[in-house]
Amino acid sequence: MDKRIQIPDTDLSLYPLGFGTSDAGLKWDGAEADRLLDAYLSCGGNVIDTAHVYSDWVPGERARSERVIGDWLQRSGKRGEVILMTKGGHPDMTVEHPDLHRSRMSHDDMVKDLEESLRQLRTDCIDLYFYHRDNRNQSVAEEIETMEEFVKAGKIRYYGCSNWDAERMKEADRYCAEHGYRGFVADQSLLNLGMKFFRGMSDDTLGCIREEAFAYHEERRENLAMPYMGNCGGYFQSYAARGEDGVRGNSYDTPENRRVAEKMMELCRQYGCSVTQAVLAFFYHQPFVCVPLYSASKPERIIEACGALEAPLTDADYEWLLSEE
């Protein structure tokens with residue numbers, strides 16, 4: 001497939017698989033970060049995704065992931081080789097009892113998060129900056145104007161949304177069209193091969209690309225779908241390795257997804273590809289362009305994942321995988 005995705009009306013040309021960094025500072029740091037990120041770039045990758053909240057749910061350090069990425073950028077001198085993405089406005093995860101419904105998306109919250117992200121990442125400008133959540137008690141006008149302020153100040157180049165529903169994205173699109181703004185260039189929400197049959201997420205503030213949001217992306221190509229959790233939390237790999245014992249208690253573990261896993265292993269044997277490649281290649285058989293995000297803690301895993309771009313599975317294969325026959 002084409003090794004670059006051009007977002008319309010931007011100069012952003014993205015590798016079709018983004019590198020997620022929620023584990024930075026927990027599972028890898030320093031020299032390990034060098035090996036991992038260099039392996040991703042060696043495959044042609046250029047999309048590095050983080051968030052100001054990663055991984056504040058573990059005590060000891062705030063914004064670990066951004067600090068690790070900033071360290072790597074400073075050591076490597078490769079800032080010009082990557083599209084750097086981060087997110088702000090997430091509820092506070094450092095308190096004793098985090099409340100995911102307590103919004104932190106005011107203008108002052110976003111200014112604080114952005115300034116801290118710029119310091120952590122050792123950069124003057126972020127290529128693509130996301131609202132990590134939405135707050136329906138705020139107007140879309142306030143939210144868009146905050147982002148436009150950042151663009152005009154030269155602190156971000158473009159902006160996007162994460163976990164917004166279709167109605168709010170459409171409202172933002174209308175506001176931007178009326179005011180001559182480019183508007184959202186990307187949407188990070190949940191989409192993956194196991195989502196059709198999974199039991200759902202415990203966090204109801206997460207957004208899914210299904211139904212209205214799925215139709216939105218079919219119609220609105222200017223807002224690129226960038227699905228997270230694209231690897232289904234490793235569910236299909238765990239099932240392939242250990243069967244039912246490896247997936248008990250997993251939110252993706254349903255009878256239907258076990259059937260999908262059995263079919264997938266059959267296809268992997270047929271095509272000579274790995275389960276990871278089959279799971280990620282799903283995104284290249286959607287009716288709209290996707291740049292999924294994938295996280296790994298070993299260079300060989302990132303190299304394997306990038307092989308999904310050449311996986312020979314077909315549209316018909318994915319229709320069969322998700323059929324209920």
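A nonpolar core is a set of buried Ala, Val, Leu, Ile, Met, Phe, Trp, Tyr and Cys residues joined through side-chain atoms within 4.5 Å, where buried means under 20% relative accessible area, exposed over 50% and partly exposed in between (1.4 Å probe, protein chains only). What you see here is a predicted model, where local features need pLDDT of at least 70, side-chain atom pairs count only at pLDDT 80 or more, and totals for chains, interfaces and linings use all residues. Residues are numbered from 1 along each chain as its sequence is written, and side-chain values use heavy atoms, leaving out hydrogens and water.

**View 1. The whole chain, before we zoom in.**
The protein chain has 11 helices and 10 strands (DSSP runs, numbered from the N terminus: H or I of at least four residues for helices, E of at least two for strands). Its radius of gyration is 19 Å, close to the 20 Å that the globule rule gives for 325 residues, so the chain is as compact as a globular protein of that length. That radius is taken over C-alpha atoms, and the rule is 2.2 Å times the number of residues to the power 0.38. The C-alpha atoms fill a box of roughly 55 × 45 × 45 Å along the principal axes. Buried residues make up 56% of the 325.

**View 2. Inside the largest nonpolar core.**
This core has 105 residues, and L193, M226 and F236 have the most contacts inside it. Contact means heavy atoms within 4.5 Å. Skip the neighbours within four places in sequence, and L193 is in contact with C232, F236, V260, M264, V279, F282, Y318 and L322.

**View 3. H217, tucked into helix 6.**
Look for H217 in helix 6, residues 212–219. H217 counts as buried because its relative accessibility is 2%. Not counting residues up to four places away in sequence, H217 touches M169, D187, I209, N223, L224, A225 and F288.

**View 4. D315 in helix 11.**
D315 sits in helix 11, which takes in residues 315–321. With 46% relative accessibility, D315 counts as partly exposed. The C-alpha atoms of D315 and T146 are separated by 41 Å, and the two residues are 169 apart along the chain.
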